[in-house]
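Dear colleague,

I am handing over the structure we spoke about, and my notes on it follow below. Please read them with the model open beside you.

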Amino acid sequence: MSRERLKELCLELPLFPVTSVGSFPKPDYLTQARADLQKGKITAAELRALEEKATAFWIEKQEELGVDVLVDGEQYRGDMVAYFAEVLPGFQEGGLVRSYGNRYYRKPIIVGAVEWTKPITVDWWRFAQERTDRPVKGMLTGPYTLMDWSFNEHYPDRKTTCLAMAQVVRKEVEALIEAGCKIVQIDEPAISTRVEELPFALEAMQQVTNGLPAYFVTHICYGAFEYVYPKVLELAVNNIDLDMSATAGRRLPLMQKDPFTKDISYGVVDSHSHLIEDVETVKQRVAQALTVLAKEQVWLDPDCGLKTRTVEEALGKLRVITEAAKAARAEHITQ
Amino acid sequence: MKLLLTNAGSYPRIGDTPELQLLRRTQGALDRKETTPESLQAAEGALVKAALREQEEAGLDLLTDGQVRWGDPISHFAGKLAGIEISALLRYFDTNFYFRQPVAKGEIKAANGRALLAEYEFAKSNSSKPVKPVLTGPLTLARHTLVEHPPYQQLDPLVRAYAQALAPELEALAHAGAEVIQLDEPALLRHQTDFPVLQRALQMLTKHKGKAKLALYVYFGDPQPLYERLQQLPVDILGLDFTYNPKFVERVIALGSQKPLALGLVDGRNTRLEDAAAVAHTLDRILLRVKGDACYLNPSCGLEYLPRDRALAKLKLLTQIRAQTKGHK
């Protein structure tokens, strides 16, 4: 449990803190503006103004709904790896590759030594944090995922690539902390990709967070979690964020056998379904979680980023989570 | 020894030009209910033709339709079967690609045994070169299925059920003129103890291949531990991924092959282009040790994991490699 770490950082959070995994859908005007920028119809400054408007919208909505730990919603990001690759020397933009269904992303190519030269996410974190008294998470992509989701034409092997990425990510974490960020999420959705590589993925995260004063979260999703559990508990973070809404049936028994020793951001709604779960369903999922996990270690959120939903769907999904959290608090605080 | 160039399955369904983004646009419009399923089929057809054209231009001898119509390697076929419902997204092996997981809710039955025939016939009628249909094998389908139907709790009956659903597909494709049919079993390399289960399924399936040659492709892993046993399987061609274990080449050269091989010596997962002369030299050494009159050179897996320009570059590389081999034309 990491309540002590939160206290050290002067962060007071309720039981079952509600958060989000990172991305929210972009409003239509932003999608249009991004296309217009490509065609030269608007300037980068005009796009930035619209991204700020959309970010402010999501901050306001999260506050209204009662979310406890906010995200900036990534209105200015395309893909979670390409966003960093676009500004880091050593990367080259790649062509489109499909990730699932009708979803595509630009998979970057590492063509030289990757170097951190300036803060990448700090401006946006600051913009979001200035608009709320609640903590806003710094949002980064982890070294293993940066490596695995890029093509590599420079480094000799995957481990060397991953550890080089760790040095880059650590510098960005340091910049976020210097700006005042206290909760940093370092996403590693790729970490369960190759079980045999878990040792160097753990080593890389250790190099990223070691000795730094923040509460660290990592998000892992849609992978063969059962193959990396419980070893994955060695990740040098305080909280592991998992998609659980469809997988609790097979993952909770694993956590029963080998206790989950960190905080968990427990996904209680499906991020890839149009259906908005009813509050009862989410409450049942929370109750199921508490058959294995301690109430002090459970945070609640969607399974994954919500960028593929409509604005209404994303708001609806966040609403049912906050309502279920309120009900769970009422039940468990009085116990 | 004849050396034929082929694609190992999928091909990018998108590119950087507006024409090559037709399928994405049309699918998006259909999702928003702004167009019809017929226009989606037309867009798929246009991208199949583009995939065939690029393979022909690159100099390949045996083409695929790029599996352009496949949502993913698992749910495309499984979703057409009675007894199966399609569920949430899961990562496909060690790729950054996600498939929709089938859930076996009842007895699996082939819908009409002609799920893939139309795709093959469309590709064949739009290609001047022979077309190779590509199917995901019964073990890989089974290993990606969530079982809620008690009789399938054991792997063997589930694999058998998928094999029985695949059998009429194989028969129809062979009858329609497919000379080579590729059966993908990447799951075998991850679940090597499943070998006897797959062997039994293949013994049944091979009876339905007619005059076609059945090519078993294993990839996304190191085939070396299974190599000698793979030789015993009732298939005509073995497709092997050489990118996971640099020592595997020497093992194949040492042991030789009783079956024609489809050699995945070009990495279908990374953009870095291999040195054509070095691959040609390796190829020459392997081909000396293979029995039969023809082998195949192809990328280590389907090319959908690469951007389109790099996928095409890999296909052109196959031609360059063949040109530098010693007389294997």
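Two strands are taken to pair if DSSP finds at least two bridges between them, and helices (H or I, at least four residues) and strands (E, at least two) are DSSP runs, numbered from the N terminus. Please keep in mind that this is a predicted model, in which local features need pLDDT of at least 70 and side-chain atom pairs count only at pLDDT 80 or more, while totals for chains, interfaces and linings use all residues. Residues are numbered from 1 along each chain as its sequence is written, chains are lettered from A and ligands numbered from 1 in the order in which they are written, and side-chain values use heavy atoms, with hydrogens and water left out.

The sheet in chain B

In the hairpin of β2(B) and β3(B), which has six residues between the strands, B:Phe93 takes a positive phi near 50 degrees. These two strands run antiparallel and are joined by seven bridges, and within them B:Ile86 stands opposite B:Pro102 of β3(B). They belong to an open sheet of three strands, in the order β2-β3-β5 (chain B), with mixed pairing; its edge strands, each pairing on one side only, are β2 (82-91) and β5 (146-147) of chain B. Strand β3 (residues 98-109) of chain B runs parallel to β5(B), and two bridges join them: B:Val103 has B:Leu146 as its bridge partner, and B:Ala104 has B:Val147. Helix α6(B) packs on the sheet, touching β2, β3 and β5 of chain B (contact means heavy atoms within 4.5 Å), and its direction makes about 90 degrees with that of β3(B).

The nonpolar cores

A nonpolar core is a set of buried Ala, Val, Leu, Ile, Met, Phe, Trp, Tyr and Cys residues joined through side-chain atoms within 4.5 Å, where buried means under 20% relative accessible area (1.4 Å probe, protein chains only). The largest such core has 121 residues, and those with the most contacts inside it are B:Leu230, B:Leu261 and B:Ile286. Its largest share, 13 residues, comes from helix α6 (residues 155-175) of chain B. Apart from it lies another core, of 92 residues, which includes A:Leu163 and A:Ala166.

Helix packing in chain A

The axes of helix α7 (residues 158-179) of chain A and α8(A) come within 8 Å and cross at roughly 20 degrees (axes are lines fitted to C-alpha atoms, for helices over the stretch in contact, and angles run from 0 to 180 degrees between N-to-C directions). That makes α7(A) roughly parallel to α8(A), since angles under 35 degrees count as roughly parallel and those over 145 as roughly antiparallel. Among the residues making the contact are A:Cys162, A:Leu163 and A:Ala166 of α7(A) and A:Phe200 and A:Ala204 of α8(A).

A:Ala204 lies in helix α8 (residues 198-209) of chain A and is buried, with a relative accessible area of 0%. Not counting residues up to four places away in sequence, A:Ala204 touches A:Pro143, A:Cys162, A:Leu163 and A:Ala166. Its C-alpha atom is separated by 9.0 Å from that of A:Lys159, 45 residues apart along the chain.

Helix packing in chain B

Helix α1 (residues 22-31) and helix α2 (residues 37-58) of chain B pack at an angle of about 165 degrees, with their axes 9 Å apart, and are therefore roughly antiparallel to each other. Among the residues that meet there are B:Leu23 and B:Leu30 in α1(B) and B:Leu40 and B:Leu47 in α2(B).

With best wishes

Terms used:
Buried < 20%, exposed > 50% of the residue type's maximum accessible area, 1.4 Å probe, protein only. Parallel < 35°, antiparallel > 145°, perpendicular 65-115°, else oblique.
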